[in-house]
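Subject: Structure handover and notes

Dear colleague,

I am passing on the structure below, and I would be glad if you could read the notes after it alongside the coordinates.

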Amino acid sequence: MVLVVHSDWSNTLLVGTIMKPYYQDKWVTIYHGDCREILPTLEKVDLVLTSPPYNLGNSVKGSFYGGKGKGERIEYLSHDDDMPYEEYRTWQHDILKLCFILLNDAGAIFYNHKPRITDGIFDDRKDLLPFPIRQEIIWDRCGMVNFSGSFFATNTERLYIIAKEEWKPNKECLGWGEVWRITPETDNPHPAPYPIKLALRVIASATQVGMIVLDPFMGSGTALRASLNLNRRCIGIEIEEKYCEIAAKRCSQSVMELNIDS
Ligand SMILES: C[S@@+](CC[C@H](N)C(=O)[O-])C[C@H]1O[C@@H](n2cnc3c(N)ncnc32)[C@H](O)[C@@H]1O
């Protein structure tokens, strides 16, 4: 057993045990386990791109979905998407802080989340972020089923950018603007994947060839697959073994070409 010790901004010591990867090759490392335990053991990375479970089971009465019921809950195989809100917020803060420690000096975190309506009030979820936000990209999903007669359909998600001072997007991507219109993924066995085009855009705009991309809530490995397509190295962490298996399979397939500009 090897212990790794990191010292964070407040001099708290974070200790982790190095785990054997579930899958590893020259470009990809996948860990099967809890990201809270694995993150403190990792080396520095250049980009964190992630979409956590949204805690949709915790939506309350007066919400877009109208409380517990059809359509609001995502059934992950291991994770129960229904934590008390305070617990969920603390969890997300802890993980984002662990990710921030891992960032290189010109690194950034792209954190995907979704606004919700709680007790009839719009909530953009910025309270889940323990750091100032550099910029907010709006992901327009180009359509959405409306579960409520009281609200317009919520057809957008957010990519909140938390960045180290030196980070900036690549020049050739600045013209993409801050509203990205990308249709959701439809061909993926995971219950909540983001589209590969979204991941390709983030990685192409935020990193250079050979850099390292990390997704601590890897799911089916979309961020990893996109990293490989763009010749970036990548690390994924996932608590459910079935999703690790899907991601490892995806990463061992040959590269598909996709147009990320349109
Ligand atoms: C929204 S999904 C990510 C989907 C991914 N972006 C994709 O394209 O497939 C969130 C994932 O986090 C995983 N998860 C939940 N708790 C976790 C934890 N403590 N550590 C690592 N993964 C976790 C869930 O099993 C789920 O697959």
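This is a predicted model: local features need pLDDT of at least 70, side-chain atom pairs count only at pLDDT 80 or more; totals for chains, interfaces and linings use all residues.

Residues are numbered from 1 along each chain as its sequence is written.

Helices (H or I, at least four residues) and strands (E, at least two) are DSSP runs, numbered from the N terminus. Nine strands form an open sheet in the order E3-E4-E13-E12-E5-E6-E10-E9-E11, with mixed pairing, where two strands pair if DSSP finds at least two bridges between them. Strand E3 (23–24) and strand E11 (179–181) stand at the edges with a single partner strand each, so one side of each is left without a neighbour in the sheet. Strand E9 (residues 135–140) runs parallel to E11 and is joined to it by three bridges, and Trp 139 stands opposite Trp 180 in E11.

Helix H2 (residues 85–102) packs on the sheet, touching E5, strand E6 (103–113), strand E10 (156–163) and E12, and its direction makes about 150° with that of E6; axes are lines fitted to C-alpha atoms, for helices over the stretch in contact, and angles run from 0 to 180 degrees between N-to-C directions. Helix H4 lies across E4, E5, E12 and E13, running at about 170° to E13.

H4 (residues 222–229) is mostly covered, with seven of its eight residues buried. A residue is buried if 20 or more other C-beta atoms, placed from the backbone, lie within 10 Å of its own. Just after H4, Asn 231 takes a positive phi of about 60°.

Not counting residues up to four places away in sequence, Leu 49 touches residues including Phe 110, Ala 199 and Ile 203, contact meaning C-beta atoms, placed from the backbone, within 7 Å.

Around the ligand there are 22 residues, of which Pro 193, Phe 217, Gly 219, Ser 220 and Thr 222 come nearest; a residue counts as near if its C-beta atom, placed from the backbone, lies within 6 Å. Helix H1 (35–38) and strand E13 (233–238) each supply at least two residues of this shell.

Best regards

Note on methods. Two residues are in contact if their C-beta atoms, placed from the backbone, lie within 7 Å. A residue is buried if 20 or more other C-beta atoms lie within 10 Å of its own, exposed if 12 or fewer, and partly exposed in between; C-beta atoms are placed from the backbone.
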